[in-house]
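Thanks for coming, everyone. Please bring up the model on your screens, and I will walk you through it.

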Amino acid sequence: MITLVKQETFKLLHKKSTYAVSATLLIIMTIFGVLTRNYPKYWGDPKGMFVEMFTGINWIVLFLIAACSSIIAMEFQYGTIKELLYRKYYRGQILVSKWITMLLYSIYFFALCFVWSMLLKVVLFNDKFKLTDTFQSGYSVIETQWLGIVGSFLTIWLVLSLVLLLANIFKSTAAAISIGIIGYFALSIISNVMFLLMHRWEWLKWNPLNMMNLSQQLVSSSIHKMTLLSTPEMVIGSLVYTAIFMAISYVVFKRRSV
Amino acid sequence: MADAILNVEHLNKNFGRKQVLKDVSFSVQTGHIVGLVGPNGAGKSTIMKAVLGLFNYSSGNIMIDGEPVSPTSHKAMDKVGALIEYPGIYPFLTGYQHLQLFSKESTSKDQLMDIVDKMKMDSYINRKAKTYSLGMKQKLGIALALVDRPKFVILDEPMNGLDPQANKDLRTIILDLAKQGTTFLISSHILSELEKLVDDLVVIDKGQIVYTESMANLESGGKKLLVLQTSDDTRAKEILTQNGYQLDDGDKLSIIETDSTKMADVIKLLSDNDIEIEDVQHVHSDLETSLLNLLKNDKVKES
Ligand SMILES: Nc1ncnc2c1ncn2[C@@H]1O[C@H](COP(=O)(O)OP(=O)(O)O)[C@@H](O)[C@H]1O
Ligand SMILES: [Mg+2]
């Protein structure tokens, strides 16, 4: 298994896009940091910017959706899937090694984002606020950031498990990427309608889109009135959906004829 | 059969309702080069994929070196190198990186360079594969199959896209490795490509094995014909048949030669009957022709 993860990492590290994406992330975060420092009137509160890692979290979602769909779909696209499968390894191992690689990649992104946001804070906003300042609901700035990180990590993986499944079914990056992105950002568009429907039919609170409110719920004291779920229920809900999508992926991949 | 590295027994495979392999049985002797020949769509790649444990089959048995092979039993794959259909290539990696990626950890750098050298890929091995031509990709695919020096190598139409020189180089490499004990199963839809290479031949058509034979037997099995052109072929055929000569099917007047066939006798017999002989030819039906005859043969019926 370690060999397989190494091989997946080898491929990832030899793609130019891997480096381009990391660089882009840092550049965008820096731009937002500078804008916030120079034009706080238009770009909002520096603390708020720091908490969402200078918009970094949103970009991580995009990049990880692309990476997850490509790590599966490229093997079909390049015809390398046969080479992967007719070795002494089993199909399940091949798939799991790809999941582990993506898990490591997502951890890398969060770490990079966190470190860079700390750096921007020290360089650009050292005199503006302290990490221990109260932000909202009694949490400090740094606590809010961490809760946000944990929450988005779980919701991002809910989306990624769906993307991994779709890439597996459609064997194409395009379909998986578009549905993943729409899925993630659809929430903000339809959440009002969803909340209304949920008050009518309460069981709807268990739908996967509702789980995506997790990061907000972690830092807010009031949103559970909208989501109708307690925070632990939401955490478990996210994990269960992730597990279900992964399990379907596993079955599909094992049965796929090549 | 202790010395067979591959044993396929009563293999059946369906894609949906379509039966693609019908009761396929054959074996590959250790150290031999075996040719799997058949027209396009006969089921060559399907057999090879089944042998590599790539998919489930409805019934049958596949053993490599005494170990069963199926999608859930891949242990034997450790001894196998393969190229199926077309090589899978990552455009963003160089040829050398492909070799690094897919070779075993126990395979040394010298071994990587050795196969690069033998396949004459030095000039472009460090270029990204997206710049490769079809033939270069094909060579890389073959190199990937051979790099770990496996005991058993499966090559599906390996000559595809290779120029005559590369084709010749590949033959040399295969023969060399076979001398050192590597076993090969090589498919092709063109028999003449394999003729100079293989020890045994397995012929497949419409998912059925129609012929398995050692090359030596097949070569000597070709017929010698005496083809005549006369002023009256129809009457000549009658006369020859009446006199005990065996005629080959077909429009042309051709006598199947045996040891006792004497041209002088034939000429005398015909001229005695006032038939003029306009042309005489000796024809040795070659391997390609005997194979084509075999495939036309009614042995293979749609079921
Ligand atoms: N995945 C598949 N699904 C359905 N039919 C297939 C599939 N793969 C191969 N076939 C069919 O199986 C037959 C044998 O194909 P193949 O083994 O590729 O032939 P060959 O390699 O001898 O040219 C063909 O009729 C082909 O259409
Ligand atoms: Mg084929």
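**Where chain B meets chain A**

Let me start with charge. Across the interface of chain B and chain A, the rule finds 2 salt bridges. By that I mean a side-chain nitrogen of Lys or Arg within 4 Å of a carboxyl oxygen of Asp or Glu. Asp78(B) makes a salt bridge with Lys88(A). Their closest N and O atoms are 3.8 Å apart.

A word on the ground rules. This is a predicted model, where local features need pLDDT of at least 70, side-chain atom pairs count only at pLDDT 80 or more, and totals for chains, interfaces and linings use all residues. Residues are numbered from 1 along each chain as its sequence is written, chains are lettered from A and ligands numbered from 1 in the order in which they are written, and side-chain values use heavy atoms, with hydrogens and water left out.

Now polar contacts. The rule finds 13 residue pairs in polar contact across this interface, both residues at pLDDT 80 or more. A polar contact is a pair of N or O atoms within 3.5 Å; within protein, one must be able to donate a hydrogen and the other to accept it, and residues adjacent in sequence count only if both atoms are side-chain atoms.

Which elements of chain B supply at least two residues each to the side that touches chain A? They are β6 (80-83) and α2 (95-102). Helices here are DSSP runs of H or I, at least four residues, and strands are runs of E, at least two, numbered from the N terminus. α2(B) gives the most, with 4 residues.

Next, the extent. In contact, meaning heavy atoms within 4.5 Å, are 29 residues of chain B and 23 residues of chain A. The two chains bury about 2400 Å² between them, 60% of it on carbon and sulfur atoms. That is accessible area (1.4 Å probe) lost on putting the two parts together, summed over both. On the chain B side, Leu54(B), Tyr90(B) and Phe92(B) lose the most area to chain A, together 25% of what that side buries.

**One residue in chain B**

Look at Ser103(B), in the loop between α2 and α3 (109-118) of chain B. Is Ser103(B) buried or exposed? Buried: its relative accessible area is 11%, and the cut-off is under 20% (1.4 Å probe, protein chains only). Its side chain reaches the backbone oxygen of Leu99(B) at 2.7 Å. Beyond neighbours within four places in sequence, Ser103(B) is in contact with Leu112(B), Val147(B) and Asp148(B).

Note on methods:
Buried means under 20% relative accessible area, exposed over 50%, partly exposed in between (1.4 Å probe, protein chains only).
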